[in-house]
Amino acid sequence: MNIPFEPTLFAVNINVHLILEYLAFFVAFRYYVWLKRRSSDPISSSNRLSIILGAALGALLGSRLMGFFENPILTTLNFQNVLILLNTKSIMGGLFGGLIGVEITKKIVGEKESSGDLFTFPIILGIIIGRIGCFLSGTKEFTYGHQTDFLLGMDLGDGIPRHPIALYEIVFLSVVLLILHLLQSKTKNENGLQFKLFMLTYFAFRFFIEFLKPNTFLILNLSSIQWLCIICWMYYLPTLKRLLSHAY
């Protein structure tokens with residue numbers, strides 16, 4: 001199989017990445033619904049629906065905003081640039097934007113309970129499925145790494161051995177999924193802790209893996225994604241301090 005993987009069916013090119021992206025949303029949502037049915041959700045159905053809508057709106061705005069910061073194309077405002085911007089997305093912006101959307105919604109509806117745990121496993125599974133599509137797209141998606149002589153280097157479509165960042169992420173998230181599953185009995189006593197652990201570990205991973213990508217490094221030689229990771233750590237600083245104190 002060649003990368004990028006672009007099969008044809010009845011003389012029509014199949015966009016595998018787009019199909020897997022939609023599949024990721026579908027599977028993640030169905031997984032969430034299945035988990036919700038099997039759990040005793042402390043949040044009422046009406047508030048949970050409001051939270052889901054807030055998360056979706058926040059994720060949409062955050063994804064597009066961070067997509068722009070990763071690729072600041074609007075040096076000149078024209079129709080083509082606007083179309084590019086509307087199609088530029090960032091999973092990191094989507095996650096953090098969704099988090100902010102949830103927190104704002106909970107303030108509006110007066111919900112005090114943490115709401116993230118039910119989303120954790122579906123989000124991780126959805127990202128894994130989406131990253132398979134990114135890997136199969138090769139250098140057509142900005143999830144490839146620098147040229148490398150490392151034994152895991154792969155030709156992702158341009159004839160140059162590169163770090164397969166999408167594969168690294170799939171392996172990392174699979175390990176996180178397994179560990180969080182094993183820790184479920186210990187984290188269930190604190191509602192929301194599982195989601196916080198996922199956010200802290202995933203954003204830490206993305207901070208360091210960004211150095212392997214041909215990024216545009218901005219302030220203090222850090223990319224926009226790395227600055228978002230720092231903001232996320234600051235947001236969860238009380239949780240991080242408490243986890244470190246318990247570990248100590």
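Is Asn221 buried or exposed? Asn221 is exposed, since its relative accessible area comes to 58%; here exposed means over 50% relative accessible area, buried under 20%, and partly exposed anything in between, with a 1.4 Å probe and protein chains only. The model is a predicted one, so local features need pLDDT of at least 70, side-chain atom pairs count only at pLDDT 80 or more, and totals for chains, interfaces and linings use all residues. Residues are numbered from 1 along each chain as its sequence is written, and side-chain values use heavy atoms, with hydrogens and water left out.

Asn221 sits in the loop between α8 and α9, where helices (H or I, at least four residues) and strands (E, at least two) are DSSP runs numbered from the N terminus. Its phi is near 60 degrees, a positive value in a residue other than glycine. Leu220 belongs to the loop between α8 and α9 as well, and has a positive phi near 55 degrees, again in a residue other than glycine. With a relative accessible area of 67%, Leu220 is exposed. Glu210 is also placed in the loop between α8 and α9, but this one counts as buried because its relative accessibility is 0%. Leaving aside residues up to four places away in sequence, Glu210 touches Asn215, Phe217, Ser223, Ile225 and Gln226, a contact being heavy atoms within 4.5 Å.

Next comes the nonpolar core, meaning a set of buried Ala, Val, Leu, Ile, Met, Phe, Trp, Tyr and Cys residues joined through side-chain atoms within 4.5 Å. The largest one has 42 residues, and Phe198, Met199, Tyr202 and Phe203 have the most contacts inside it. Two or more residues come from each of α1 (16–37), α2 (45–70), α4 (91–109), α5 (117–137), α6 (165–182), α8 (193–209) and α9 (224–235). The biggest giver is α8, with 11 residues. Phe198 touches Leu95, Thr120, Ile123, Ile124, Ile127, Leu173, Val176 and Leu180, not counting residues up to four places away in sequence. Apart from this core lies another, of 11 residues, including Leu20, Ala24, Phe135 and Leu136.

Two of the helices can be checked for length, the expected span being 1.5 Å times one less than the number of residues. For α4, 19 residues should span 27 Å, and the end C-alpha atoms are 26 Å apart, which agrees. Buried residues of α4 include Met92, Leu95, Phe96, Leu99, Val102 and Lys106, along with the glycines Gly93, Gly94, Gly97, Gly98 and Gly101. Their cover includes α2, α5, α8 and α9. Just after α4, Gly110 takes a positive phi of about 75 degrees.

Points are joined across faces, edges and corners, and a volume is the space filled by probe spheres set on them.

Cys134 lies in helix α5 and, at 5% relative accessibility, counts as buried. Cys134 touches His17, Glu141, Thr143 and Ala166, residues up to four places away in sequence not counted.

The second largest pocket has a volume of about 590 Å³. Of its 24 lining residues, Ser39, Asp117, Leu118, Gln184 and Gln194 are the closest to its centre. The largest share of the lining, four residues, comes from α5.

Note on methods: 1 Å grid on protein atoms, 1.4 Å probe; cavity = no way out; pocket = protein on both sides within 12 Å on 5 of 7 lines; lining within 4 Å.
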